[in-house]
Amino acid sequence: MQQKTFQRINTWMAWLMFAIAAVVYGLTVEPTASLWDCPEFIACGYKLEIGHPPGAPVFMLVANLFAQFAKDPSQVALMVNLLSAFLSAGCIFFLYLTITHFARKLVCPSFQNLSLSKVISIEACGVVGALSYTFSDTFWFSAVEAEVYAFSSFLTALMFWLILKWEDEADETDSDKWIILIAYITGLSIGVHLLCLLCLPAMSYVVYFRKAKRITRLGMLKTLVAGALLVAIILYGLIPGVVKIGGWAELLFTNVLHCPYNTGLICYITVLTCGLIYLYYKVKRRLAKLSLACVLMILAGYSSYGVIFIRANANTPMCENAPGNIFSLGSYLNREQYGETPLLYGPAYCSELDYEQKGDYLVPKQKEGKAIYRPSADSTKEEYEVIRHNIKYIYKDNMLFPRMHSSRHDKAYEQWMGGVKKKGNLPTTLENLRFFLSYQVNFMYWRYFLWNFVGRQNNIQGNGEVEHGNWMTGISWIDNLLLGCDTSKLPSDLKENKGRNVFYGLPLLLGLVGLFWQYNRGSEGKRQFLMVLLLFVMTGLAIVVYLNQTPMQPRERDYAYAGSFYAFAIWIGLGVAALSEEIRVKSEKHKVVLSVVGLVGLAIPIQMASQTWDDHDRSGRYTCRDFGANYMESTQHEGNPIILSNGDNDTFPLWYNHEVEGFRTDTRTCNMEYLQTDWYIDQMKRPAYQSPALPISWQHKDYQEGKMEYVPVNIDSINIGNMVVSLKDKKGLYKSELIVLEMLMQADWKRPVYLSISVGPSVLPFLRDHLVLEGLAYRISPTATGKQVDVEKLYENIMHRFRYGGLNHKGVYVDEDTKRLANTHQLIMSVLIDSLLQQADFKRALEVCRKWQKELPNVNVPYTEYALSMARCYYLTNHTEEADEIVNNLLRRSIEWLTWIETINRHRIGGTLHSRYEWMQTMLLTFSLADQFDRKEIMNKYRYQYENLIKKETD
Amino acid sequence: MKILLKKKLTSRKIMMIACILILAGYVLMSGPGSTEKAFNPDIFSVRRIVIAPLLCLSGYILIIVGILKYKSISDNT
């Protein structure tokens, strides 16, 4: 076959893969915002607001384009989700071309004797590899929601393919343009996610192997160092450096030369750009010119941060860290909000601070770092002032490569490790390594890898316990050994969990076959192996090392490693070539045999899809939007209420409703975590849409960063109007709590303030005796004594105002987070039913039960012990059949669980004790309810197992 | 010689147009913001969140076109 024909076929096949992926992702995309950061990103794209650090301006611009295709604001989220779907399909497109590029070079190195069977072999590689990745868990998860990870996967795939394209054309005169394009895409990727930088080391090997006159071990080592250095220079040099010098320019022009703000910045950018362009035209040597062109292009991509800078100055309602001046922008880019984690050397979680004598006291030793500048709070003058210096505490005990570094997680470390052996105040090197390997590498990386290519237990987040989130094969005797239990006795909840995907290890096996075949395919194979291996390691294990993760993460973090799964997919594809080439050697009937191999290879991605489709199809699910709206609808319509929230999933969906759909813009969401920062308090003091500024009389200089962070308290109580707030158990108040008290005081009960039900009891504990439940939030009330329930408002909200996100549709995918939010709704429904029963209002209690079963049917949202309130109501209103259904269900499931838990190995049961306690509680409560209403038949049905389990528990 | 020059100008020309588009986009995006006194609905005007970002994005995409039209470094003045 001719080379041109082959390339045409290859391109057409790549587009076919693109089409398949686009259709798959387009069909399964979420029709509205998704949980976690997605609502934030959608609002950022649609209205150019500022999200969490380090921001993603390029994503914002492209999402903005896609948002224009929405017919009305309710479709905006869908359009941004489709952006992820589209770009993910693009990633599959480049994956296909990458795999076939590698395969062709190994199967038919010089385009000689390109027989049809060889072409089939090569194309089959691409198809199997690309489709395996298409249907893989982690990649699909990010492809159907509005996050930056789909975009960053696309850019990584594009960059990697571009260097292969360069490799093909490296002898032609205009091949430099590919290098320059890669530099530009790198620059753009800074405005999406820094993950894309991680493919640069693998790419540097492509350059080395292509251009080096002789391949030597020393040369390869030098290339590795050069690649790593390139990433380091961009990450630690260019990105923060450009901004830092801009800061110097600002200080010079504004503080010294008394020019208005940002003059220095404009001059600096002009000088930098013109200087580089001038140098580019002045310099004669080709390599120098190329380097300058690349630097210019990286900066051109990086310039997209102008969007962040300009929009921050517009003071959008959502404006995290307010990066509207060069210094705030610097701290925003450096993600200073999240603190630093030590990498090579530093303190461990149990290290003690070093103290020194200062006068009569012993104070912790501090090292004063750089000065922090901000524009003067005094609006009459234009000057940058030093608001404080960076302080670094000095620890007495430091170690190399500290993996257990966070003092806040001390108990978590000890629990994971089952006790930590220490030497003095530091964990021993062996213990440090054990944590690194068992938790960071094994649990937080290899487990995700095996999810994608061997099988996944269920979609519930795990922390090491047997029943949640582990990897498995689907082969029962292996899984019994792996998990230390009898998997045939799994409770139906876990057996039927949609996130249970089993691939029997086939994708992994095929990938390993491909890996070994590639390595053994001569020098070209070894070189390819090195490149793919480097990509695999850099986007996988290297991130694990860099992140230095603590235990008790709020969610599973597999999305960060999609790049390494991409690399493995290349090997899966090559596995097909391995099989077909081996068979070609042994058999004569080429085409038949190859078709068989291709079909067998194709069976793997199709089997994967049969498992992963049900837990990635998010169509018809509107829970994020509706539940966010429900928080706000829990507040009254008059008075411009304020609602205090706590984390991501009770804040961002509300922001989405405000910013994108314009819903309840008379309310204001106030996040307690952000309320600790001065920039957020600034934002609360500004009006937004129909919501007036929050009643805070303090000035910026009062609550500026560094001031009032934690104030010790020595009074017993304070009066707010006629409400007495007890501060007896509080040693001190955080800035956020002070601001809440200030708001309550200034509002003088004229502006209602609500506390979300999701805010944990340790936050604002002194308000817990003054709350009235009106929905998914409590109203802080001066007249309430203890926790009260406003039955009328709760009824109105649950029955008429709340929406339930399509959870009543059969087949809708309810993941763990959605289930938790649905359970919260069930909680307040059960509270309402109990309150109505107390008032002997049986008619309305029954209505709530009917509403519950209509909107949150058991088939989508399984009963929890909250459903016992519903059962009680049914018994009291003589609807015994419906009540029995609930009681039967709860008894059956709790006994299934407890019976299975009995099969777990003694030494692995530690993590499951919590589940066992919960199901034991459920079983006891349900049985006692059946007893209370004399349900002899049910009790007799389960009595034997019930008593057995009670006996085992008390033994 | 003239043909070569023309081709080279095309790449440079495209880059310049791209720069102008991006700058124009940023200029149109700027403007007064909300303050403590009042919420400024103009921050969400069509000019600032539709036209401006479209100009910026087209500029950034045009740079890609400019790079692809780039002829080799070695033969130029």
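The legends below describe close-up views of a predicted model. Local features need pLDDT of at least 70, side-chain atom pairs count only at pLDDT 80 or more, and totals for chains, interfaces and linings use all residues. Residues are numbered from 1 along each chain as its sequence is written, chains are lettered from A and ligands numbered from 1 in the order in which they are written, and side-chain values use heavy atoms, with hydrogens and water left out.

**View 1. Helix α10 of chain A has a kink centred on G241(A).** The helix covers residues 217–256, and the kink is about 40 degrees. The bend at a residue is the angle between axes fitted to the seven residues ending there and the seven starting there. Helices (H or I, at least four residues) are DSSP runs, numbered from the N terminus. After α10(A) comes H258(A), which has a positive phi, near 55 degrees.

View 2. V225(A) lies in helix α10 of chain A. V225(A) counts as partly exposed because its relative accessibility is 47%; buried means under 20%, exposed over 50%, and partly exposed in between.

**View 3. A salt bridge joins E524(A) and K105(A).** Their closest N and O atoms are 3.9 Å apart. E524(A) is in helix α20 (residues 522–538) and K105(A) in helix α4 (residues 76–107), both of chain A, so the pair ties together parts that are 419 residues apart in sequence. A salt bridge is a side-chain nitrogen of Lys or Arg within 4 Å of a carboxyl oxygen of Asp or Glu. E524(A) is partly exposed at 22% relative accessibility, whereas K105(A), at 18%, is buried.

**View 4. D174(A) and K177(A) form a salt bridge.** The N to O distance is 3.6 Å. Both D174(A) and K177(A) are buried.

**View 5. D486(A) is paired with K489(A) in a salt bridge.** The closest N and O atoms are 3.5 Å apart. D486(A) is partly exposed, at 22%, and K489(A) is partly exposed as well, at 43%.

**View 6. Salt bridges link E30(A), E145(A), R618(A), R621(A) and D815(A) in a network.** Over all chains, the structure holds 48 salt bridges.

Methods:
Helix = DSSP H or I, 4+ residues; strand = E, 2+ residues; numbered from the N terminus. Buried < 20%, exposed > 50% of the residue type's maximum accessible area, 1.4 Å probe, protein only.
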